[in-house]
Amino acid sequence: MMLLRTELEKLWKRPALWIGFTVSLLVGGFLTWSMLPMVYTGEGTISGLKAAAYNRRLAAEYEGYLTEEKAEAIISRFGFARYDEEGGCVYGNFLNRFVTEKMTDYSGDKRKAERLISLSEKDSWLGACTYKDHIYFAYTEGWDELWEIFMGLAVVWGITLVVLLSPVYSSDRMLRTAPVIRASAEGRRKMVVARLAASWIVAAGGYLLIGGLFFLICGLIYGFEGLKANMLCLGAMPYIWPESVTVGAFWARACLPRAVLGITVLVFSLSGISAYCGRSLTSVCLSALLFAFPVIRKMLWIRTFLTPLFSLLVNGMPFYMMIPLYEDGRKAFWILQAVVAMLFCLAGLWMVYSGWCRNRKEYGK
């Protein structure tokens, strides 16, 4: 416990932790503010918190299982939402925008809707007849945007961890304290366990604290009733997500475990890289490359016969694990992703063992 407390204090006192924490809050706050809704009533515009409250109040009147009769009632009351040539809404609230975009013949090309489409029709965006009368509908506007906020938080917090954790071992080599620390079994075993535990506590604790704060803010602004809605109301593909999965279940059973596993992969990977590097700058650069690799790969997309393998590896890397992903709800995909993530964890632990616990060339042995 003493070693764990000491390692926690080391991380706690580093400015990078508090700078990253502050920037994460600012980025999350800015994204939350910038994505507040707007309602176009035809007579004027309502924006910000007032628009969210207005949409929430209207949606409460139609909350429940989505039916064609309910969609017809919404269109009869408000009419189809209307859009300009660039796709911007010029008239509409949450209700008629939802129906227009998901239950009509609206398309991005013609920017308008002319008729409702039955839930049983093949052209229905919400799925086939098996979904009829089984889609629970509620106000999901804020929960639909929350994943973008979490994406921003994942990027900022990931960069924070790269700067914070990359020098954990490499700094000892630069300061020439590594031979002294590794001269004892405690420095090669107990201290390593304490460092890994302290790094994980700070990394996971900070991410969950910030994420939980904005999750609570989203609920206070848009209402927690949206968590009862079906995942299809968030734009998830009906052929991927089972009809029984709710927004709340997605965040609790899908997003949270993936985020924790992604943090774990990042912590173990950064520790492994740091254990092998002799300079902090090298450790930081390699760690940053590891974290940003999914983005770099997407920018420099080159398709070869190894592309499926690389795609599988990338999906198990920390960046993709830390962000919500509701485009793919297939269990097989998640299982493969978790297996790849665990392999990254084991690789990081092996690098810590091989680079710090076992290698003793510094002592001439």
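## Basis and confidence

Residues are numbered from 1 along each chain as its sequence is written, and side-chain values use heavy atoms, with hydrogens and water left out. Because the model is predicted, local features need pLDDT of at least 70 and side-chain atom pairs count only at pLDDT 80 or more, whereas totals for chains, interfaces and linings use all residues.

The chain has a mean pLDDT (the predictor's confidence in each residue, from 0 to 100) of 83, and 88% of its residues reach 70 or more. Confidence is highest in helix α2 (residues 15-34), at 93, and lowest in helix α13 (residues 307-315), at a mean of 71. Helices here are DSSP runs of H or I with at least four residues, numbered from the N terminus. Where pLDDT is low, the predicted coordinates should not be read in detail.

## Helix α5 and N96

Of the nine residues of α5, eight are buried, that is, under 20% relative accessible area, where over 50% is exposed and values in between are partly exposed (1.4 Å probe, protein chains only). The buried residues are F94, L95, N96, R97, F98, V99, T100 and K102. At the start of the helix, a side-chain oxygen of N93 comes to within 2.9 Å of the backbone nitrogen of L95.

N96 belongs to this helix, which spans residues 94-102, and it counts as buried because its relative accessibility is 0%. The N96 side chain reaches the backbone oxygen of G79 at 3.1 Å. Beyond its neighbours within four places in sequence, N96 is in contact (heavy atoms within 4.5 Å) with I74, I75, F78, G79, F80, A81 and Y91. With residues up to four places away likewise set aside, L95 touches L58, A59, Y62, I74, F78 and F137.

## The nonpolar core

The largest nonpolar core comprises 88 residues; such a core is a set of buried Ala, Val, Leu, Ile, Met, Phe, Trp, Tyr and Cys residues joined through side-chain atoms within 4.5 Å. Helix α11 (residues 247-276) gives the most to this core, with 15 residues. The residues with the most contacts inside the core are L95, L161, Y207, W251 and I263.

## Helix α7

Helix α7 (residues 167-174) is mostly covered, with six of its eight residues buried: P167, V168, Y169, S170, D172 and R173. These buried residues pack against α6 (141-165), α8 (178-181), α10 (190-222), α11, α12 (280-299) and α15 (331-358). Just after α7, R176 adopts a positive phi of about 60 degrees.

## Aromatic pairs

The structure contains 17 aromatic pairs. Rings of Phe, Tyr and Trp (its six-membered ring) pair if their centres lie within 6.5 Å; planes under 30 degrees apart count as stacked, over 60 as edge-to-face and the rest as tilted. W12 and W18 form an edge-to-face pair, because their ring centres are 5.0 Å apart and their planes stand at 90 degrees. W12 counts as exposed at 52% relative accessibility, and W18 is partly exposed at 38%.

The rings of F150 and W251 have centres 5.2 Å apart and planes at 45 degrees, so this pair is tilted. The pair links distant parts of the chain, with F150 in helix α6 and W251 in helix α11, 101 residues apart. F150 is buried, with a relative accessible area of 8%, and W251 is buried at 7%. Ring pairs join F150 and W251 with W143, F215, F224 and F250 in a cluster.

Definitions and conventions: Helices (H or I, at least four residues) and strands (E, at least two) are DSSP runs, numbered from the N terminus. A polar contact is a pair of N or O atoms within 3.5 Å; within protein, one must be able to donate a hydrogen and the other to accept it, and residues adjacent in sequence count only if both atoms are side-chain atoms.
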